[in-house]
Structure formats: C-alpha cells, structure tokens
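This briefing sets out selected features of the structure shown below. The points are grouped by topic.

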Amino acid sequence: MVLMPRPKLSKKSQRQSGSSAMSPSTVRRAVAGAATIGKSASRRPPQSLALTVGKTSQALPLLRGTLSVIISARNEEETLQRLLKQVARLKPTEIIVVLNGCRDSSFERARLSRQAIVVHCPDSAGHDVGRAIGAKLSRGDILLFLDGDMVIPAPHLASFAAAVDNGVDVALNDLDSLLPPFGFSDDVIRCKLFLNFVLGRGDLGVSSMTAVPHALSRHALESIGYRELMVPPKAQAIAILNKLRVEKTRLVNVIKHNRLRPANTGVGNPVEKLIVGDHAEALLTVLSQRATSNFLQGESLQEQRRQLALWRNGL
C-alpha cells in the first residue's frame, strides 16, 4: 500500500504520520497496514458555502466541526474526478481516496485533486476495508464515507455532514421509500431489516452502514473502533448497543446509480453473500450481549414481531 499526498503543499498543510499494523478479522478482509495520523484536528468556525446548480445557487449547511471525506474506489476513472469536484464544494479539511485493486486511470484522476490524499492498495481489499483505512487516517470531527462510482451532488452530501455536526453520531441513507413488498425483497433487504428490528430500531428500516453515503462523528469512530468498519452491519450494531445516536438522514438513490458489475448482479452473487455473512456476524455480536440487554426479551420482542408482520403483509 502506497500513501501519495499531493505534491507542492505548504508546510502548514503537511501532517506527521507514522505506521501501525491493521490486523485482519478475516482472510478476505486482510490488509497490510495503515498510516497513523496524529491528534484530531481542532474545530473551526463556520464558513459560508454555496453550490451553483444550473442557474441557481444553493447554500450548503454551515459546519462548526472539521470534515474528512473518505472515498473508496476501484476502477472508477469515469466518475472519480467528477465526484471529487462535488466533494471539494464542501470545503473539507481533507479528502482521503483509497484505491484498491485499480487497473485503470483512477490513480491519475485522483491525483488531479490538489487536496486528495491517495492511498493505493495494488490488490483489491474491498470497499469496507477501504473505509476502515480511510477512517484510521482521518483527523476530522466528521467523517463522510462515499464510493467512487457514484457522483452525488454536494447538497445531498452536505446533509449527512450537517446531521453529524448537529449531534448525530451515525447518519444513514434513508432507502425505505425504495423498498419493494416483502415477497419481492432480496436477502440483503431482509437481513438489514431484521438486524435493525433485533436491535430495537425498527424505525431505521433498511438504513445501514453498508450503504453510502453515511457519516460518523469522531466520538462514534472511537466508540466503534475503526477495525469494525470492515464489517458495516457489525459496526452499526455496536453503535446501537453503545447507545450512540443513530438516525436516518435523507434519501440518496444509490440503487439507481450503483454501478453494475459481475460480482453484484444475479441471485446469490458474491456481494450479496458477503453482505449476508456480515449481518450474521453482526447478529452474533448482538446475541453475545443478550444477557445484559432487552433487545430479545419480553414485550420488546413481541413488538418487533408485530411490526415485522405488518411490513411482511404489506399493510
């Protein structure tokens, strides 16, 4: 893995870094290591931001905290530069681009951004590992996670950063309005829904840290642990078990714009199997704490069953 900061930066913008090993939780998520960044950056005063959309100018939310944007990408030369332009409008403290297994010009596209810190992993590590690496490197108060294959307008991205800036610990993409009836739902949808119900958070629907965009507070990262981000449903379960503030933020239709690949299409595709396995790992985490929680006991369980039945029957 090679860390490539943009050249010709002033001394004031440079940061000290060291190195530390990131131990893999599973072989499929193995990663050699990640650089360790120093202390969290101090908070900065609000600044006025605006995005020009067509002939109109749309003001973006003012942020009190510093913003780190983390982009995980693999072979995204067609979209990465356009996404970086939208991200730059947010005026983040830093942009961390984690490239894993790229065989196209994604590296060169990322280097066109003056602010981007580019982490290059020659072999494919997966988006989830990329996010964990980016989180380990980050120093902002707010962490915004994106994938390089989707160009999302800056105002949509700003909503997630603003939610965290206003006290939310985990700001999730609200995809509930896109749900099909239960009978037409795939295993991934059912796993997301079931995990949230088991955690006593049926209000979250299918909202999940598996989907981007989502954002974390620095406090949430420290509570969850950056390694756990390699298994997003497990990280979400830990956040809820630790009584962090987890909320749906807004809808960004990533289903429509998600890039189709052989690994994520068709019934029982590799990505589907990975996500289902991640949810099984998250459920194990919940079950291991059942003795000290009320998530699977008494009236709470009955209410979860009632709500699940209503959704299943399409009422």
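This is a predicted model: local features need pLDDT of at least 70, side-chain atom pairs count only at pLDDT 80 or more; totals for chains, interfaces and linings use all residues.

**Surroundings of Thr79**

Beyond its neighbours within four places in sequence, Thr79 is in contact with Gly148, Asp149, Met150 and Val151.

**Position and burial of Thr79**

- Thr79 lies in the loop that links strand S6 (67–73) to helix H1 (80–88).
- The relative accessible area of Thr79 is 14%, and Thr79 counts as buried because this value is under 20%.

**Packing of helices H7 and H9**

- A pair of packed helices is described by the angle between the axes and the distance between them.
- For helix H7 (residues 232–241) and helix H9 (residues 270–288), the axes come within 7 Å and cross at roughly 25°.
- H7 and H9 are therefore roughly parallel to each other, as the angle is under 35 degrees.
- The crossing in which H7 passes H9 is right-handed.
- On the H7 side, Pro232, Pro233, Lys234, Ala237, Ile238 and Leu241 take part, and they meet Asp278, His279, Glu281, Ala282, Thr285 and Val286 of H9.
- Sorted by class, this contact of H7 with H9 comprises seven nonpolar, two polar and three charged residues.

**The chain as a whole**

- The protein chain contains 10 helices and 12 strands.
- Of the 315 residues in the protein chain, 48% are buried.
- Among contacts in the protein chain with a separation of 6 or more, 73% are between residues 24 or more positions apart.
- The protein chain has an accessible surface of about 15,300 Å², and carbon and sulfur atoms account for 54% of that surface.

Technical notes: Residues are numbered from 1 along each chain as its sequence is written. Side-chain values use heavy atoms; hydrogens and water are left out. Helices (H or I, at least four residues) and strands (E, at least two) are DSSP runs, numbered from the N terminus. Buried means under 20% relative accessible area, exposed over 50%, partly exposed in between (1.4 Å probe, protein chains only). Contact means heavy atoms within 4.5 Å. Accessible areas come from the Shrake-Rupley method with a 1.4 Å probe; for residues, only the protein chains shown count as cover. Axes are lines fitted to C-alpha atoms, for helices over the stretch in contact, and angles run from 0 to 180 degrees between N-to-C directions. Angles under 35 degrees count as roughly parallel, over 145 as roughly antiparallel, 65 to 115 as roughly perpendicular and the rest as oblique. A crossing is left-handed if the near helix is turned anticlockwise from the far one by less than a right angle, and right-handed if clockwise. Ala, Val, Leu, Ile, Met, Phe, Trp, Tyr, Cys and Pro count as nonpolar, Asp, Glu, Lys and Arg as charged, and the others, Gly among them, as polar.
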